Amino acid sequence: TGEAGSGKESVARAVHRQSSRSSGPFHVVECADAHEQVERGLISAFESAAGGTLYLAHVAEMSSDLQSRLLRVFRNGGPGAVADLRVISSSTNDIRVAVNEGRFDSRLYRHLAGQALTVPSLRDRKADLPPLVKLLIEEFGANDEPVVADICTLESFERLARYGWPGNGREFREYLHRCIIEGVAQPVGQSAANVNAYAEQRPSASPSVDISRPIKAGREEWIKHFERLYLADILESQGGNVTRAAKAAGVDRGHFYRLMMRCGLRN
(Lines give C-alpha, C1' and ligand atoms only; values in the text may rest on other atoms or scores of the structure.)
Protein backbone atom coordinates (compact mmCIF):
# COMPACT_ATOMS: atom_id res chain seq x y z
CA THR A 1 0.00 0.00 0.00
CA GLY A 2 1.00 3.62 -0.45
CA GLU A 3 -0.22 6.97 -1.64
CA ALA A 4 -0.77 7.57 -5.34
CA GLY A 5 2.54 8.17 -7.08
CA SER A 6 4.63 6.85 -4.19
CA GLY A 7 6.23 4.15 -6.35
CA LYS A 8 4.33 0.97 -5.57
CA GLU A 9 4.85 -0.44 -9.06
CA SER A 10 8.54 0.48 -8.91
CA VAL A 11 8.84 -1.50 -5.67
CA ALA A 12 7.07 -4.46 -7.29
CA ARG A 13 9.42 -4.32 -10.27
CA ALA A 14 12.42 -4.15 -7.93
CA VAL A 15 11.20 -7.27 -6.11
CA HIS A 16 10.83 -8.98 -9.49
CA ARG A 17 14.32 -7.94 -10.66
CA GLN A 18 15.96 -9.19 -7.46
CA SER A 19 14.12 -12.52 -7.46
CA SER A 20 14.84 -15.87 -9.07
CA ARG A 21 12.00 -15.02 -11.48
CA SER A 22 13.79 -12.00 -12.94
CA SER A 23 14.18 -13.69 -16.34
CA GLY A 24 10.41 -14.23 -16.52
CA PRO A 25 7.73 -11.71 -17.49
CA PHE A 26 6.39 -8.87 -15.36
CA HIS A 27 2.72 -8.57 -16.26
CA VAL A 28 0.52 -5.69 -15.04
CA VAL A 29 -3.27 -5.77 -14.61
CA GLU A 30 -5.07 -2.51 -13.76
CA CYS A 31 -7.84 -3.78 -11.46
CA ALA A 32 -9.60 -0.43 -11.11
CA ASP A 33 -10.48 -0.55 -14.80
CA ALA A 34 -14.03 -1.89 -15.02
CA HIS A 35 -13.93 -2.60 -18.75
CA GLU A 36 -15.11 -6.03 -19.75
CA GLN A 37 -11.83 -7.04 -21.34
CA VAL A 38 -10.07 -6.78 -17.95
CA GLU A 39 -12.42 -9.33 -16.40
CA ARG A 40 -12.30 -11.61 -19.42
CA GLY A 41 -8.53 -11.40 -19.58
CA LEU A 42 -7.86 -12.29 -15.97
CA ILE A 43 -7.05 -15.94 -16.68
CA SER A 44 -4.86 -15.04 -19.64
CA ALA A 45 -3.03 -12.57 -17.38
CA PHE A 46 -2.04 -15.44 -15.10
CA GLU A 47 -0.88 -17.41 -18.12
CA SER A 48 1.08 -14.43 -19.48
CA ALA A 49 2.89 -14.03 -16.16
CA ALA A 50 3.83 -17.72 -15.85
CA GLY A 51 7.38 -18.07 -14.60
CA GLY A 52 7.47 -14.42 -13.57
CA THR A 53 5.41 -11.88 -11.65
CA LEU A 54 1.79 -10.77 -11.97
CA TYR A 55 1.26 -7.25 -10.63
CA LEU A 56 -2.34 -6.40 -9.68
CA ALA A 57 -2.67 -2.62 -9.35
CA HIS A 58 -5.44 -0.92 -7.34
CA VAL A 59 -6.92 -4.16 -6.04
CA ALA A 60 -9.08 -2.34 -3.45
CA GLU A 61 -11.01 -0.74 -6.31
CA MET A 62 -11.81 -3.89 -8.28
CA SER A 63 -15.44 -4.77 -8.87
CA SER A 64 -17.16 -7.52 -6.89
CA ASP A 65 -17.37 -9.62 -10.08
CA LEU A 66 -13.62 -9.32 -10.62
CA GLN A 67 -13.01 -10.19 -6.96
CA SER A 68 -15.08 -13.37 -7.38
CA ARG A 69 -13.20 -14.36 -10.56
CA LEU A 70 -9.84 -13.75 -8.93
CA LEU A 71 -10.83 -15.77 -5.86
CA ARG A 72 -11.84 -18.68 -8.09
CA VAL A 73 -8.47 -18.56 -9.82
CA PHE A 74 -6.63 -18.69 -6.50
CA ARG A 75 -8.78 -21.57 -5.29
CA ASN A 76 -9.15 -23.66 -8.42
CA GLY A 77 -6.58 -22.43 -10.93
CA GLY A 78 -7.38 -21.58 -14.54
CA PRO A 79 -6.96 -23.44 -17.80
CA GLY A 80 -3.86 -25.57 -17.31
CA ALA A 81 -3.96 -24.71 -13.58
CA VAL A 82 -1.12 -22.19 -13.95
CA ALA A 83 0.48 -21.67 -10.55
CA ASP A 84 4.15 -20.96 -11.26
CA LEU A 85 4.20 -17.23 -10.66
CA ARG A 86 4.44 -14.60 -7.95
CA VAL A 87 1.46 -12.30 -7.37
CA ILE A 88 2.10 -8.79 -6.05
CA SER A 89 -0.90 -6.54 -5.47
CA SER A 90 -1.07 -2.87 -4.58
CA SER A 91 -3.60 -0.40 -3.29
CA THR A 92 -3.71 3.29 -2.53
CA ASN A 93 -6.09 2.63 0.35
CA ASP A 94 -5.83 0.13 3.19
CA ILE A 95 -7.65 -2.98 1.94
CA ARG A 96 -8.47 -3.95 5.53
CA VAL A 97 -10.82 -0.97 5.71
CA ALA A 98 -12.59 -2.18 2.56
CA VAL A 99 -12.82 -5.67 4.09
CA ASN A 100 -14.33 -4.31 7.31
CA GLU A 101 -16.84 -2.27 5.31
CA GLY A 102 -17.83 -5.28 3.22
CA ARG A 103 -16.48 -3.85 -0.03
CA PHE A 104 -13.69 -6.39 -0.39
CA ASP A 105 -13.91 -10.16 -0.02
CA SER A 106 -12.10 -11.24 3.16
CA ARG A 107 -11.26 -14.61 1.59
CA LEU A 108 -9.51 -12.92 -1.32
CA TYR A 109 -7.71 -10.60 1.07
CA ARG A 110 -6.23 -13.58 2.88
CA HIS A 111 -4.83 -14.87 -0.42
CA LEU A 112 -3.23 -11.51 -1.24
CA ALA A 113 -1.92 -10.53 2.20
CA GLY A 114 0.95 -12.98 2.50
CA GLN A 115 3.48 -10.21 3.14
CA ALA A 116 2.45 -6.57 3.60
CA LEU A 117 4.63 -3.58 2.74
CA THR A 118 3.90 0.13 3.06
CA VAL A 119 5.61 2.48 0.61
CA PRO A 120 6.21 5.84 2.37
CA SER A 121 5.25 9.12 0.75
CA LEU A 122 7.97 11.31 -0.72
CA ARG A 123 7.46 13.96 1.99
CA ASP A 124 8.43 11.28 4.54
CA ARG A 125 11.70 10.46 2.78
CA LYS A 126 13.04 13.83 1.69
CA ALA A 127 16.60 12.62 2.19
CA ASP A 128 15.98 10.61 -0.99
CA LEU A 129 15.56 13.74 -3.11
CA PRO A 130 19.24 14.29 -4.10
CA PRO A 131 19.85 10.66 -5.21
CA LEU A 132 16.43 10.66 -6.89
CA VAL A 133 17.38 13.78 -8.84
CA LYS A 134 20.61 12.10 -9.95
CA LEU A 135 18.80 8.91 -10.93
CA LEU A 136 16.14 10.72 -12.97
CA ILE A 137 18.63 13.03 -14.70
CA GLU A 138 20.57 9.96 -15.81
CA GLU A 139 17.34 8.29 -16.93
CA PHE A 140 16.43 11.39 -18.97
CA GLY A 141 19.95 11.43 -20.46
CA ALA A 142 20.29 15.03 -19.31
CA ASN A 143 23.60 15.01 -17.43
CA ASP A 144 25.07 17.60 -19.80
CA GLU A 145 22.07 19.97 -19.68
CA PRO A 146 23.04 23.40 -18.18
CA VAL A 147 19.92 23.45 -15.98
CA VAL A 148 21.23 20.46 -14.00
CA ALA A 149 23.74 22.70 -12.21
CA ASP A 150 20.90 24.94 -11.02
CA ILE A 151 18.84 21.97 -9.83
CA CYS A 152 21.68 20.28 -7.95
CA THR A 153 22.49 23.07 -5.49
CA LEU A 154 22.00 23.01 -1.71
CA GLU A 155 19.50 25.87 -2.01
CA SER A 156 17.55 24.01 -4.68
CA PHE A 157 17.42 20.80 -2.63
CA GLU A 158 16.23 22.74 0.43
CA ARG A 159 13.49 24.33 -1.68
CA LEU A 160 12.42 20.94 -3.05
CA ALA A 161 12.36 19.50 0.49
CA ARG A 162 10.06 22.27 1.76
CA TYR A 163 7.34 21.33 -0.74
CA GLY A 164 4.90 18.61 0.31
CA TRP A 165 4.79 16.73 -3.07
CA PRO A 166 1.14 15.57 -2.82
CA GLY A 167 1.65 13.63 -6.06
CA ASN A 168 4.75 11.95 -4.60
CA GLY A 169 7.40 10.47 -6.87
CA ARG A 170 5.25 10.78 -9.97
CA GLU A 171 4.77 14.52 -9.43
CA PHE A 172 8.48 14.92 -8.71
CA ARG A 173 9.39 13.08 -11.90
CA GLU A 174 7.05 15.30 -13.94
CA TYR A 175 8.47 18.42 -12.30
CA LEU A 176 12.08 17.46 -13.00
CA HIS A 177 11.25 16.47 -16.58
CA ARG A 178 9.61 19.87 -17.08
CA CYS A 179 12.75 21.61 -15.80
CA ILE A 180 14.91 19.64 -18.26
CA ILE A 181 12.57 20.27 -21.22
CA GLU A 182 12.25 24.00 -20.55
CA GLY A 183 15.88 24.45 -19.54
CA VAL A 184 15.18 26.28 -16.29
CA ALA A 185 14.54 25.29 -12.67
CA GLN A 186 10.77 25.73 -12.35
CA PRO A 187 8.91 26.91 -9.23
CA VAL A 188 7.57 23.89 -7.37
CA GLY A 189 3.87 23.36 -6.77
CA GLN A 190 2.75 24.75 -10.12
CA SER A 191 0.90 22.66 -12.70
CA ALA A 192 2.89 21.74 -15.76
CA ALA A 193 -0.27 21.70 -17.79
CA ASN A 194 -1.47 24.39 -20.09
CA VAL A 195 -5.18 24.65 -19.40
CA ASN A 196 -5.94 25.88 -22.90
CA ALA A 197 -4.14 22.87 -24.31
CA TYR A 198 -6.64 20.57 -22.58
CA ALA A 199 -9.54 22.59 -23.93
CA GLU A 200 -8.08 22.24 -27.42
CA GLN A 201 -7.88 18.46 -27.02
CA ARG A 202 -11.59 18.28 -26.22
CA PRO A 203 -13.28 16.12 -28.91
CA SER A 204 -15.31 18.31 -31.24
CA ALA A 205 -17.89 15.78 -32.42
CA SER A 206 -19.52 12.63 -31.12
CA PRO A 207 -18.89 9.28 -32.85
CA SER A 208 -21.47 8.31 -35.42
CA VAL A 209 -23.70 5.27 -35.06
CA ASP A 210 -22.60 2.74 -37.65
CA ILE A 211 -24.80 -0.37 -37.59
CA SER A 212 -22.46 -2.15 -40.00
CA ARG A 213 -19.97 -2.50 -37.15
CA PRO A 214 -20.28 -4.89 -34.17
CA ILE A 215 -21.96 -3.32 -31.16
CA LYS A 216 -18.88 -3.92 -29.03
CA ALA A 217 -16.70 -1.79 -31.30
CA GLY A 218 -19.25 1.01 -31.34
CA ARG A 219 -19.67 0.93 -27.57
CA GLU A 220 -15.91 1.11 -27.00
CA GLU A 221 -15.69 4.13 -29.30
CA TRP A 222 -18.43 5.94 -27.36
CA ILE A 223 -16.81 5.07 -24.01
CA LYS A 224 -13.48 6.46 -25.17
CA HIS A 225 -15.22 9.59 -26.51
CA PHE A 226 -16.93 10.15 -23.15
CA GLU A 227 -13.71 9.57 -21.21
CA ARG A 228 -11.74 12.02 -23.35
CA LEU A 229 -14.51 14.63 -23.09
CA TYR A 230 -14.81 14.16 -19.33
CA LEU A 231 -11.06 14.24 -18.68
CA ALA A 232 -10.46 17.33 -20.82
CA ASP A 233 -13.29 19.23 -19.10
CA ILE A 234 -12.38 18.26 -15.55
CA LEU A 235 -8.69 19.06 -16.14
CA GLU A 236 -9.68 22.46 -17.48
CA SER A 237 -11.94 23.05 -14.46
CA GLN A 238 -9.06 22.25 -12.10
CA GLY A 239 -6.54 24.48 -13.81
CA GLY A 240 -4.74 21.54 -15.37
CA ASN A 241 -3.75 20.10 -11.98
CA VAL A 242 -3.90 16.32 -12.35
CA THR A 243 -3.98 15.64 -8.60
CA ARG A 244 -6.99 17.92 -8.02
CA ALA A 245 -8.72 16.64 -11.17
CA ALA A 246 -8.33 13.03 -10.02
CA LYS A 247 -9.79 13.91 -6.62
CA ALA A 248 -12.73 15.70 -8.24
CA ALA A 249 -13.31 12.66 -10.49
CA GLY A 250 -13.36 10.34 -7.47
CA VAL A 251 -10.36 8.23 -8.50
CA ASP A 252 -6.74 8.13 -7.40
CA ARG A 253 -4.11 9.99 -9.37
CA GLY A 254 -2.49 6.86 -10.80
CA HIS A 255 -5.75 5.63 -12.31
CA PHE A 256 -6.58 9.12 -13.62
CA TYR A 257 -3.17 9.34 -15.27
CA ARG A 258 -3.67 5.96 -16.94
CA LEU A 259 -7.00 7.18 -18.31
CA MET A 260 -5.23 10.25 -19.69
CA MET A 261 -2.68 8.05 -21.42
CA ARG A 262 -5.38 5.82 -22.86
CA CYS A 263 -7.27 8.83 -24.22
CA GLY A 264 -4.19 10.44 -25.70
CA LEU A 265 -4.19 13.41 -23.31
CA ARG A 266 -0.90 14.82 -22.10
CA ASN A 267 -0.13 17.22 -19.30
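Tyr163 and Trp165 are both buried, where buried stands for under 20% relative accessible area, exposed for over 50% and partly exposed for the range in between, with a 1.4 Å probe and protein chains only. The model is predicted, so local features need pLDDT of at least 70 and side-chain atom pairs count only at pLDDT 80 or more, whereas totals for chains, interfaces and linings use all residues. Residues are numbered from 1 along each chain as its sequence is written, and side-chain values use heavy atoms, with hydrogens and water left out.

**Aromatic pairs**

- Rings of Phe, Tyr and Trp (its six-membered ring) pair if their centres lie within 6.5 Å, and planes under 30 degrees apart count as stacked, over 60 as edge-to-face and the rest as tilted; by this rule there are 6 aromatic pairs.
- The ring centres of Tyr163 and Trp165 are 4.6 Å apart with planes at 80°, so this pair is edge-to-face.
- Trp165 also pairs with Phe172, and because the planes stand at 80°, with centres 5.1 Å apart, this pair is edge-to-face; Trp165 and Phe172 are buried.
- Ring pairs join Tyr163, Trp165, Phe172 and Tyr175 into a cluster.

**Nonpolar cores**

- A nonpolar core is a set of buried Ala, Val, Leu, Ile, Met, Phe, Trp, Tyr and Cys residues joined through side-chain atoms within 4.5 Å; the largest has 22 residues, of which Leu54, Leu56, Met62 and Phe104 touch the most other members.
- At least two residues of this core come from each of helix 3 (42–48), strand 2, helix 4, helix 5 (95–100) and helix 6 (106–112), and helix 4 supplies the largest share, 4 residues.
- A second, separate core of 18 residues has Leu136, Ile137, Val147 and Tyr163 among its members.
- Leaving aside residues up to four places away in sequence, Met62 touches Cys31, Gln67, Leu70, Phe104 and Leu108, with contact taken as heavy atoms within 4.5 Å.

**Ser63 and its surroundings**

- Ser63 lies in the loop between strand 2 (53–57) and helix 4 (64–76), and it counts as partly exposed because its relative accessibility is 28%.
- The side chain of Ser63 reaches the backbone nitrogen of Leu66 at 3.2 Å.
- Although Ser63 and Arg103 are 40 residues apart along the chain, their C-alpha atoms are separated by 8.9 Å.

**The chain as a whole**

- The protein chain has 14 helices and 3 strands, which are DSSP runs (H or I, at least four residues, for helices; E, at least two, for strands) numbered from the N terminus.
- Of its 267 residues, 39% count as buried.

How values were computed:
Polar contact = N/O pair within 3.5 Å; in protein donor to acceptor, adjacent residues only side chain to side chain.
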